[in-house]
Amino acid sequence: MPRGGTVPTAAAEDVPEGALPAAPVVAPVPVYYPPAVYGTPTAAIPVGPEYGGFWLRVVAYFVDSLVMMPLGAVGFVLLGGTVLANLEGLRSESPDPRIIASLVAAYGGFILITLIGAWLYHALMESSRYQGTLGKKAMGLIVTDLNGHRISFGRASGRFFGKMITGMTMGIGYAMAGFTEKRQCLHDMIAGCLVVKK
C-alpha cells in the first residue's frame, strides 16, 4: 500500500475515452423516525363544530326564563289589575258580560305581551352579532345556519315559532337535542339551524 494509506485509483489510461469515471459507492445513512412522527399525516384533518348538548341548552333556557320574568310580570300585573277592578262584579250571581269581556281581553293582552316580547328577545338576539340569547351566551353557545353562518331575523323568527310545534310533542322535540347527530331540537330542524359551542 502506498505511503499515507490511500487507495490507488484507476489510471487515466484504464478509463475508456469519452467515459466518466464511476462514482464511488456510498452506503445510505440509516434514519430513525420516532413513532410519534413517522407516519403522521402532512395535512390537518378538518374537525367539525362542537354541538351544544342537551343539558347546556336546558341551563340556557332557565337563564333566559329569568331574563323574561320582568316581561311576564308586566303581563301578570295587567291581568291581575283587571281581575281586582272587577272583583265585585265577578261575585254577583250574574256577572255583567262586559266584565267577562274585559277579563278575556286582559288575558289576551297578557298572552300577547309575553309572546311578542319573547319572540323579539330570541329573534333579535339570535340574529345579532351575539348569535344567541343571554342564556346561550352564558353557556358559550351560538345559533348558526347549517353552514355555520349567522342567521337572519326571519330564520330566527321561524326557529322561535317552530318551538310551538316542538312543544306539541310532549317534550320529545326538545329531547331530540340529546340523541340526534347534530344535537338539534325539532325547531332547529324546521328552521335549518344549529346550536354550537363558540
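**Loop residues with positive phi**

I began with glutamine 131, which counts as buried because its relative accessibility is 16%; buried here means under 20% relative accessible area, exposed over 50%, and partly exposed in between, with a 1.4 Å probe and protein chains only. Glutamine 131 lies in the loop between H3 and H4, and its phi is near 60 degrees, a positive value in a residue other than glycine. I kept in mind that most residues other than glycine have a negative phi. I then looked up arginine 183, which is not a glycine either and has a positive phi of about 55 degrees. Arginine 183 sits in the loop between helix H6 (172-175) and helix H7 (186-191), and at 31% relative accessibility I put it down as partly exposed.

**Source and layout**

I noted that this is a predicted model, in which local features need pLDDT of at least 70 and side-chain atom pairs count only at pLDDT 80 or more, while totals for chains, interfaces and linings use all residues. Residues are numbered from 1 along each chain as its sequence is written, and side-chain values use heavy atoms, with hydrogens and water left out.

For the layout, I found seven helices and two strands in the chain, where helices (H or I, at least four residues) and strands (E, at least two) are DSSP runs numbered from the N terminus. From the N terminus on, the elements run α-α-α-α-β-α-α-α-β. Of the 198 residues in the chain, 28% are buried.

**Helix H3**

I checked the length of helix H3 (residues 97-126): its 30 residues should span 44 Å at 1.5 Å a residue, and the end C-alpha atoms are 43 Å apart, which agrees. The expected span is 1.5 Å times one less than the number of residues. The buried residues of H3 include Ile99, Leu103, Phe110, Tyr121 and Glu126. Alanine 105 is also found in helix H3, but at 51% relative accessibility it counts as exposed. I also looked up the distance from alanine 105 to leucine 79, which is 26 residues away along the chain, and their C-alpha atoms are separated by 8.8 Å.

**Salt bridges**

How many salt bridges does a search of the whole structure find? I recorded five salt bridges, each being a side-chain nitrogen of Lys or Arg within 4 Å of a carboxyl oxygen of Asp or Glu. Lysine 197 pairs with glutamate 50, with the closest N and O atoms 3.0 Å apart. Since lysine 197 lies in strand E2 (residues 193-197) and glutamate 50 in the segment before helix H1 (54-85), this pair ties together parts that are 147 residues apart in sequence. Lysine 197 is partly exposed, at 34% relative accessibility.

I next followed glutamate 126, which forms a salt bridge with lysine 136 at 3.6 Å, N to O. Glutamate 126 lies in helix H3 and lysine 136 in helix H4, so the pair ties together parts that are 10 residues apart in sequence. The side chain of glutamate 126 also meets that of arginine 159 in a salt bridge, at 3.0 Å, N to O. Arginine 159 lies in helix H5, so its pairing with glutamate 126 ties together parts that are 33 residues apart in sequence. In relative accessible area, glutamate 126 is buried at 1%, lysine 136 is buried at 8%, and arginine 159 is buried at 2%.

**Surface patches**

Patches are made of residues with over 30% relative accessible area and no salt bridge, with like charges joined within 9 Å and nonpolar side chains (Val, Leu, Ile, Met, Phe, Trp, Tyr) within 5 Å; accessible areas come from the Shrake-Rupley method with a 1.4 Å probe, and for residues only the protein chains shown count as cover. Tyr107, Ile111, Leu115, Phe161, Met164 and Met168 make a nonpolar surface patch of about 590 Å². H3 and helix H5 (153-166) are the elements that give two or more residues to the nonpolar patch, and the largest share, three residues, comes from H3. Phenylalanine 161 lies in helix H5 and is partly exposed, with a relative accessible area of 33%.
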